[in-house]
Amino acid sequence: GLLPTVANANATDDLRGDLHWKVKDPQFGEALFDFYRGDNFSAITRLTLAQETRALVSQEQEGDLLLGMLYLTSNMPNEAQKVFSRLIKDSDPSSLSDIARLYSAKILYSQGAYPAAEKLLSAIEDLPGGLREKQNVLLANLLMEKKQFQKAETLLLRLDNDSKQGYYSRHNLAVNMLKDGISLQGTGLLVVISKEIFSDPEMKMLQDKVNLALGYHYLQQKEPGLAKVYF
């Protein structure tokens with residue numbers, strides 16, 4: 001896999017950040033409250049029961065989306081996939097079904113079903129800003145799988161350069177370019193990250209990986225002087 005995260009890793013962040021829930025239905029509100037309390041199991045139980053008894057009068061589709069996301073954060077991708085597929089099939093074209101497509105594509109990508117993931121991503125019409133970035137990262141990863149590095153780079157350059165996701169993605173692209181013998185562009189992308197000044201510990205760890213990759217690359221190129229700069 002190209003990203004350091006599996007499909008479920010960012011789902012919790014997205015639930016808290018990118019998705020802005022409006023509560024009209026008390027059952028939906030209670031499930032959301034359970035989630036914010038950290039009790040995914042209660043939230044899943046509550047939503048499943050509400051779906052079975054048709055208790056979610058005005059927020060059935062939001063309930064489905066929340067249920068799918070909860071399955072994802074609970075590391076149950078197959079259950080999540082069933083819910084997302086139902087939402088894509090049954091709902092009117094809306095940002096909700098597009099969000100379901102994105103997460104469904106993430107699951108398919110993590111399972112290696114690349115053509116199916118790409119098909120879902122290309123059917124997306126409208127996503128909130130933060131999720132649009134995730135769609136582009138996933139598309140870029142799919143392009144890398146097909147060794148279409150230039151297209152992937154074009155897509156990634158549109159991302160917010162300072163986001164963690166942006167840095168990870170460019171690191172992954174660079175490493176793939178180096179593996180494929182496109183060393184000038186690959187090292188170029190890595191050098192930019194190497195020169196950044198990070199205070200975030202996670203980004204410092206990524207920078208260490210970048211410097212290692214550059215060091216090894218220059219050793220392989222028989223340029224020990226350059227390698228020493230990065231080790």
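**View 1. The exposed side of α3 in the predicted model.** The model shown here and in the views below is predicted. After α3 comes R54, which has a positive phi, near 55°.

**View 2. The buried face of α3.** N40, A43, I44, L47, A50 and Q51 are the buried residues of this helix. Seen down the axis of α3, these buried residues fall within an arc of 135°, so they line one face of the helix. The elements that cover them include α2, α4 and α5.

**View 3. The span of α3 from end to end.** The helix has 13 residues, and at 1.5 Å a residue it should span 18 Å. The C-alpha atoms at its ends are 18 Å apart, which agrees with that expectation.

**View 4. The largest nonpolar core.** This core has 40 residues, of which L65, L66, F84, L102 and Y103 touch the most other members. Two or more residues come from each of α2 (26-36), α3 (40-52), α4 (60-73), α5 (77-90), α6 (95-110), α7 (114-122) and α8 (129-145). The element that gives the most is α6, with nine residues.

**View 5. Contacts of L65.** Leaving aside residues up to four places away in sequence, L65 touches W21, F84, L87, L96, I99 and A100. Both L65 and F84 are among the residues that touch the most other members of the largest nonpolar core. Another core, of 27 residues, lies apart from that one; M144, A152, L155 and A227 are among its members.

Technical notes. Residues are numbered from 1 along each chain as its sequence is written. This is a predicted model: local features need pLDDT of at least 70, side-chain atom pairs count only at pLDDT 80 or more; totals for chains, interfaces and linings use all residues. Side-chain values use heavy atoms; hydrogens and water are left out. A nonpolar core is a set of buried Ala, Val, Leu, Ile, Met, Phe, Trp, Tyr and Cys residues joined through side-chain atoms within 4.5 Å. Buried means under 20% relative accessible area, exposed over 50%, partly exposed in between (1.4 Å probe, protein chains only). Helices (H or I, at least four residues) and strands (E, at least two) are DSSP runs, numbered from the N terminus. Contact means heavy atoms within 4.5 Å. The expected span of a helix is 1.5 Å times one less than its number of residues. The arc is that of the directions from the helix axis to the C-beta atoms.
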